[in-house]
Number of protein chains: 2
Amino acid sequence: MRGNLFAVAVDLVVLTVRDGALCVLLRERTAPPFAGEPALPGGFVQAREDLLDAASRELAEIGLAIEGHHLEQLASYAAPDRDPRGRVLTVGHLALVPDLPEPPGEGAWTPVEKAGDLAFDHSRILADGVERARAKLEYTTLAAAFCPAEFTISQLRRVYEAVWSTEPDPRNFSRKVTSTPGFLVPTGEKVSSGRGRPGQLFRRGPATALHPPMLRDHAGLPA
Amino acid sequence: MRGNLFAVAVDLVVLTVRDGALCVLLRERTAPPFAGEPALPGGFVQAREDLLDAASRELAEIGLAIEGHHLEQLASYAAPDRDPRGRVLTVGHLALVPDLPEPPGEGAWTPVEKAGDLAFDHSRILADGVERARAKLEYTTLAAAFCPAEFTISQLRRVYEAVWSTEPDPRNFSRKVTSTPGFLVPTGEKVSSGRGRPGQLFRRGPATALHPPMLRDHAGLPA
DNA sequence: ACAATAGTGTCTCTTAGACATTATATT
DNA sequence: AATATAATGTCTAAGAGACACTATTGT
């Protein structure tokens with residue numbers, strides 16, 4: 001076999017919902033290239049490591065244990081000049097995590113709208129990750145991945161509001177998610193959100209698909 | 001930077017519809033490893049080549065000029081032992097082409113149901129490609145990529161029948177596709193399909209998304 | 001004439017979307 | 001008591017699914 005050799009990295013688009021905004025975990029680069037600029041967390045794939053394993057390891061190194069976090073491969077990026085050090089292919093991954101009380105080790109949660117320009121081609125990877133998350137909320141139950149183990153329907157609705165920048169009708173939303181078998185499992189407990197009537201608590205059910213899907217308003221989206 | 005080095009390849013899942021069956025282009029391997037076994041066409045990424053460019057080149061080398069063929073990245077595969085020659089990462093790509101009068105240079109169209117075991121992890125890549133194509137027919141206008149430049153609604157319907165193994169109602173199907181703005185552009189011409197009333201010819205329109213989507217019957221599909 | 005395919009119309013049922021009211025908590 | 005949030009019910013409109021008929025070709 002003859003092929004040019006590449007270094008292979010994994011980069012992570014770690015998304016969460018904080019204060020009503022979809023946020024991404026960014027780290028400031030400490031070493032060249034792009035020192036001082038914000039970038040996605042990531043690292044090189046090790047000798048006998050598969051891609052998802054490498055991404056899981058990076059996630060753990062950030063301080064995000066893998067307890068039920070959603071992690072999936074996004075896409076690969078290998079433009080010849082994307083890294084000034086040489087030929088590097090990176091496999092972007094998408095991770096969805098609940099809003100954490102404490103911020104993860106290094107790095108800061110940044111609203112995706114304010115992420116600005118990132119190092120390398122990370123802005124593109126981020127955009128792809130955000131679009132993937134937005135699309136998947138339509139036809140999967142993945143919104144619950146942004147919620148803690150137990151959550152209310154309001155919390156789940158706020159995820160959709162943050163990710164889609166829409167405000168679905170609370171009553172219709174409730175009807176939709178509760179009528180999808182296996183989406184939500186009631187715990188029987190209730191929790192007060194400070195003021196007002198306490199909401200019922202749910203866990204994630206076994207369902208992964210949402211049928212029929214919950215459609216956002218589409219206006220000229222990419223295929 | 002320190003990372004282990006990989007050879008990087010692109011592999012192609014080239015799909016078409018022939019005789020009512022979804023078919024994939026397979027080549028028999030001539031050299032080890034897996035000599036004599038069927039495999040997806042593919043090759044190594046060259047020195048200053050990006051991934052899609054490499055996939056386009058491979059497609060051209062097969063004899064499939066890129067005139068409007070659909071080509072997209074699928075996913076990357078890098079299990080440590082997937083290639084006995086050493087560490088090889090492959091980026092799977094999905095190509096959708098119309099049924100061609102002449103078969104492409106080397107390789108043979110094989111119904112995906114009869115593909116059997118392929119070399120390397122190509123069976124997995126094929127399965128991912130087929131599932132991607134099936135899913136995309138739901139919410140995009142991509143079915144037209146399986147049709148020639150001009151086609152009838154019946155031809156388009158036969159694409160759905162082959163890819164989904166369903167038989168949508170011709171009248172409902174027609175209503176759906178003609179009522180989606182920008183999906184089909186009538187040419188004003190008609191064509192006879194041997195017997196019966198000739199059908200009207202259409203071209204692909206500018207629309208890429210299908211809203212609302214055309215839902216297939218879902219029964220426990222992966223997310 | 002007959003067979004085969006194309007194209008159109010109607011009815012029903014499900015579901016999304018809009019909207020008002022009642023229930024239960026905190027202050 | 002006042003306020004804030006949760007939960008439920010009803011109406012309407014749009015679209016999917018089932019179905020019957022007419023239209024235009026080749027044999």
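How much area do domain 1 of chain A and domain 2 of chain A bury between them, and what part of it lies on carbon and sulfur atoms? In this predicted model, the two domains bury about 1400 Å² between them, and 70% of that area is on carbon and sulfur atoms.

**The two domains of chain A**

Domain 1 of chain A covers residues 7-138, while domain 2 covers residues 140-204. Taken over C-alpha atoms, the centres of domain 1 of chain A and domain 2 of chain A are 26 Å apart. To their contact, domain 1 of chain A contributes 17 residues and domain 2 of chain A contributes 13 residues.

On the side of domain 1 of chain A that touches domain 2 of chain A, at least two residues come from each of β1 (5-18), β2 (21-28), β5 (70-77) and α2 (122-139) of chain A. The element that gives the most to this side is α2(A), with four residues. By class, this side of domain 1 of chain A holds eight nonpolar, four polar and five charged residues.

**The interface of chain A and chain B**

The size of an interface is often given as the accessible area lost when the parts come together. Between chain A and chain B the buried area is about 3400 Å², with carbon and sulfur atoms giving 59% of it. In this interface, 39 residues of chain A are in contact with 39 residues of chain B.

Two salt bridges are found across the interface of chain A and chain B. One of them joins the side chains of Asp81(A) and Arg48(B), at 2.9 Å from N to O. β1, β5 and β6 (88-96) of chain A each supply at least two residues of the side of chain A that touches chain B. That side of chain A divides into 22 nonpolar, nine polar and eight charged residues.

| Interface | Buried area | Part on carbon and sulfur atoms |
|---|---|---|
| Domain 1 of chain A and domain 2 of chain A | about 1400 Å² | 70% |
| Chain A and chain B | about 3400 Å² | 59% |

Thr180(A) lies in the loop between α4 (170-179) and β8 (184-191) of chain A. Thr180(A) counts as buried because its relative accessible area is 8%, which is under 20%. Apart from its neighbours within four places in sequence, Thr180(A) is in contact with Ala209(A) and Leu210(A).

Conventions: Residues are numbered from 1 along each chain as its sequence is written. Chains are lettered from A and ligands numbered from 1 in the order in which they are written. This is a predicted model: local features need pLDDT of at least 70, side-chain atom pairs count only at pLDDT 80 or more; totals for chains, interfaces and linings use all residues. Side-chain values use heavy atoms; hydrogens and water are left out. Domain bounds come from an automatic or database domain assignment. Contact means heavy atoms within 4.5 Å. Buried area is the accessible area (1.4 Å probe) that two parts lose on being put together, summed over both. Ala, Val, Leu, Ile, Met, Phe, Trp, Tyr, Cys and Pro count as nonpolar, Asp, Glu, Lys and Arg as charged, and the others, Gly among them, as polar. Buried means under 20% relative accessible area, exposed over 50%, partly exposed in between (1.4 Å probe, protein chains only). A salt bridge is a side-chain nitrogen of Lys or Arg within 4 Å of a carboxyl oxygen of Asp or Glu.
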